[in-house]
Amino acid sequence: KRGPLGAFTQIGMRGGKTVGWVLFATIFMAISYYSVIIGWVLRYLIISVNGTIDSIQPQSFFDAVLGGFWGQFWATAIVIGLVGVVLGLGITKGVQRISSWGIPLLFVLLVVLIVRSVTLPGAGEGLRFYLVPDFSKLNIGVVTAALGQVFFSLSLGGTTLLIYASYLPDTVNIPRSAITIGVGETFAAVLAGFVIIPAAVALGLELNSGPPLTFVTVPSIFGQIPAGALFATLFFALLFFAAFLSDVAAVEVLVAGAVDVFHWPRVKAIVVFCALEMGFAIVPMMSLDYLLKSDLFWGSTMQPVGSALTLIGLAWVVGLSRSLEEANRGSDGPLVGRLWFYWIKYVIPAGIAVILFLGLRDFFAAFGGG
C-alpha cells in the first residue's frame, strides 16, 4: 500500500529509502523528456485536424518542430497542464474514468487504421515483411532491445505498477490481472505494427527506428493516401491519448510519493511537480541529442534496474511464503508457485544484469560518440 518512496522501507529492505529515491528520480527524469515527445505528437495532431499534414514536407517539418523552442514549450505546457487536471480529479474520477472510455476508443481507432493500411495497393508485401521472421537478423542486440522495450511498455521499473497496485482492493485477482496486462499490451503492440509497417512497405518508405518512424515516415504515409488528413488525425489522436495516459501514470508516482512521505496536500504536490517537470523539460526541448541519451539511460537502462531492485526486495527480503501469498491474492487457488518465485529470485535478475551491461555499454558508446 505504498509507492516507491515507502514500499522498500516498509518491507524492511536495507537501504530501502535510497532505493525508493533512485526510482523516484528515474521516473522524474523520464517524465521531463517524455512530456516533450508527447508535445510533438500534439503538434502533429493539430496539423492533422486542420488538414495541413497533407501539404507538409515531413523531414523539413520535423526539423522545424525540433528547431522551434517556443512551439515545443507551449505544446509541452499543454500536456503537463492536462496531466495536472486529470490528477487533480483524483484516481477514480480522473485516471479511472478517462481510461475506462479511452482504452476502448483506442482499440476502435486501431482497427480503423489497420483496415486502411492493409487495403492499400502493395500492402501484402508489407504484411509478409512484418509477419515472416528473418532469423538472420536475430542477435543479442535485437533481443536486449526487445527486452528493454518490454520493460518500458509494461512499466516494469518499480514505479508505475507499484503505485497503481497500492490502490487495488484485496479482492482483485492478481494472477488474472498480470495475464491480462501482459496479453493486452502485446496485442496492442502487434496491432500497432499492422497500422504502420504494411503501409510503409507498400509506399516504399524507409522503416527508421526512433522519432523518424513516427514523425517522418508516418506523415509520409498519410500524405500519399486518399483522405490522408482524416487517418492522420485518427493516428495521432490514438498516439497522443495512449502516451498521455502513460504520462498521467508517471506523474502520479511523484504526487503519491510527496503525499505519502512529505504529507503534502494532493493539490500542492500536483502543482509543484508539474511546475518542476516543465522546468526540467526545457533542456530536452533544446537538444535532441540530450533527449535521446536521456531515454537511453533513464528509460532503457534504469527501467530494468528498477525491476531488479523490486524483485530483490520481493524475493530476498519479503521471502517465499509472503510473496506467494501476495502473488495469489484474489485467485481461487494457488496459481503461482515456487517455480515462479525461484525464477524471479535468480533467473530474471541475471537476465536484467545482462540488459544493464549492454544498456550501459550503448549509453557510453553514444556519449563517447557525441
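Searching the whole structure turns up two cavities of 30 Å³ or more. A cavity here is a set of points, on a 1 Å grid over the protein atoms alone, where a 1.4 Å probe fits but cannot get out. The model is predicted, so local features need pLDDT of at least 70 and side-chain atom pairs count only at pLDDT 80 or more, while totals for chains, interfaces and linings use all residues. Numbering starts from 1 along each chain as its sequence is written, and side-chain values use heavy atoms, with hydrogens and water left out.

**The largest cavity**

- Its volume is about 80 Å³, counted as the space filled by probe spheres set on the grid points, which are joined across faces, edges and corners.
- The lining (residues with an atom within 4 Å of a point) consists of Leu113, Arg116, Ser117, Leu120, Val195, Ile196, Ala199, Val218, Ile221, Phe222, Ile225 and Phe235.
- Helices H5 (91-118), H9 (174-202) and H10 (211-222) are the elements that each give two or more residues to this lining.
- By class, the lining has 10 nonpolar residues, one polar and one charged; Ala, Val, Leu, Ile, Met, Phe, Trp, Tyr, Cys and Pro count as nonpolar, Asp, Glu, Lys and Arg as charged, and the others, Gly among them, as polar.

**The second largest cavity**

- This one comes in at about 40 Å³.
- Around it sit Leu23, Thr26, Ile27, Ala30, Gly157, Thr159, Trp298, Met302 and Gln303.
- The elements that supply two or more of these lining residues are helix H2 (16-49) and helix H14 (288-318).
- H2 provides the largest share, four residues.

**The protein around them**

- There are 16 helices and zero strands, taken as DSSP runs numbered from the N terminus (helices: H or I, at least four residues; strands: E, at least two).
- The radius of gyration is 21 Å, close to the 21 Å the globule rule gives for 370 residues, so the protein is as compact as a globular protein of that length; the radius is taken over C-alpha atoms, and the rule is 2.2 Å times the number of residues to the power 0.38.
- Along the principal axes, the C-alpha atoms fill a box of roughly 60 × 50 × 45 Å.
- Of the 370 residues, 44% count as buried, meaning under 20% relative accessible area (1.4 Å probe, protein chains only).
- Among contacts (heavy atoms within 4.5 Å) between residues at least 6 apart in sequence, 77% join residues at least 24 apart.

Methods. 1 Å grid on protein atoms, 1.4 Å probe; cavity = no way out; pocket = protein on both sides within 12 Å on 5 of 7 lines; lining within 4 Å. Buried < 20%, exposed > 50% of the residue type's maximum accessible area, 1.4 Å probe, protein only.
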